[in-house]
Amino acid sequence: MLQIKVFTFNPFYENTYILYDETNKAVIVDPGCYEREEREELMDFIRKEHLQVTELVNTHCHIDHVLGNEFVKTTFKVPLSIHQKEVAVLKSVQAYAPSYGFAGYQASEPDQFLDPGKVLQVGNEQLKILYVPGHSPGHVVFYHAESKTCIAGDTLFQGSIGRTDLPGGDHGTLLNAIKSVLFTLPEDTIVFPGHGPETSIGAEKEYNPFVGKRAGLR
């Protein structure tokens, strides 16, 4: 059975996820841990649960989601997987990280690419890789059909959507991707976003002011 542990890290209050199952194999999604205390919190949980980290993945590569990439890669000696369209996004972080207050940011290189339609393996569990661009050009999400859970990054939030005013973002593309991809998932699917609390597909289809039934009433 898929287990999901969430941590909230860095000044952007970014949600970092550890996915694992009864085999104790684990995948880390979007490590935002930058400060030593944040990294120790992540490590303490992994040691406590006796987890074996097998892979590191990014839903997308904005700074708040990749601050701990190199730490995770080197600590656990695991590959970093991103969508190919996120390569330039990831490379750009090193240039602007100091201006955001992250002078100690360590750049990381992707080792392999995530292919939409294929699966992310977490122990015995498989999460389908879905392509949901708009917030960034190569944004992906991970959907676990058995538990009806979706690790959604910065696509869909409780009562909101990802911002699209950053380089590579496109508002219309994001709206279309949410409606054509995420909103085809079962309504009781739980959405674990990149920031903020969990929500559900059904709730956002009904009430989300950007893409829900009431969007025209804003």
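Which residue takes a positive phi in the hairpin of S13 and S14? Glycine 196 does, with a phi near 80 degrees, and the hairpin has five residues between the strands. The model is predicted: local features need pLDDT of at least 70 and side-chain atom pairs count only at pLDDT 80 or more, while totals for chains, interfaces and linings use all residues. Residues are numbered from 1 along each chain as its sequence is written, and side-chain values use heavy atoms, with hydrogens and water left out.

**View 1. The open sheet of six strands.** The strands follow the order S7-S8-S9-S10-S13-S14, with mixed pairing. S7 (119–122) and S14 are the edge strands; each has a single partner strand, so one side of each is left without a neighbour in the sheet. Strands are DSSP runs (E, at least two residues), as helices are (H or I, at least four residues), and both are numbered from the N terminus. Two strands count as paired if DSSP finds at least two bridges between them.

**View 2. Strand S10 and its neighbours.** S10 (residues 149–153) runs parallel to S13 (residues 190–193), joined by four bridges. With S9 (residues 140–144), S10 pairs in the antiparallel sense over three bridges.

View 3. S13 and S14 (residues 199–200) run antiparallel and are joined by two bridges. Threonine 199 in S14 stands opposite valine 191.

**View 4. The hairpin of S1 and S2.** Seven bridges pair S1 (residues 3–9) with S2 (residues 14–20) in the antiparallel sense. Tyrosine 17 in S2 has valine 6 opposite. Four residues lie between the strands of this hairpin, in which asparagine 10 has a positive phi near 60 degrees.

**View 5. Helix H3 and what covers it.** H3 spans residues 69–76, and its buried residues are Asn69, Phe71, Val72, Lys73 and Phe76. Buried means under 20% relative accessible area, exposed over 50%, and partly exposed in between (1.4 Å probe, protein chains only). The cover of these buried residues includes strands S3 (25–29), S4 (52–57) and S5 (80–82), and helices H1 (36–48), H2 (63–66) and H4 (87–96). Lysine 77 follows H3 and has a positive phi, near 50 degrees.

**View 6. Serine 92 in helix H4.** Serine 92 has its place in H4. Is serine 92 buried or partly exposed? Serine 92 is partly exposed, because its relative accessible area is 32%. A polar atom of the serine 92 side chain lies 2.7 Å from the backbone oxygen of valine 89. The C-alpha atoms of serine 92 and histidine 144 are separated by 31 Å, and the two residues are 52 apart along the chain.

**View 7. The largest pocket.** Its volume is about 440 Å³. A total of 19 residues line this pocket, and those closest to its centre are His62, Ile63, Tyr96, Tyr100 and Leu166. A pocket is an open set of points on a 1 Å grid over the protein atoms alone, where a 1.4 Å probe fits, with protein on both sides within 12 Å along at least five of seven lines; lining residues have an atom within 4 Å of a point. H2 and H4 each supply at least two lining residues, and H4 gives the most, with four.

Methods
Contact = heavy atoms within 4.5 Å. Polar contact = N/O pair within 3.5 Å; in protein donor to acceptor, adjacent residues only side chain to side chain. Points joined across faces, edges and corners; volume = space filled by probe spheres on them.
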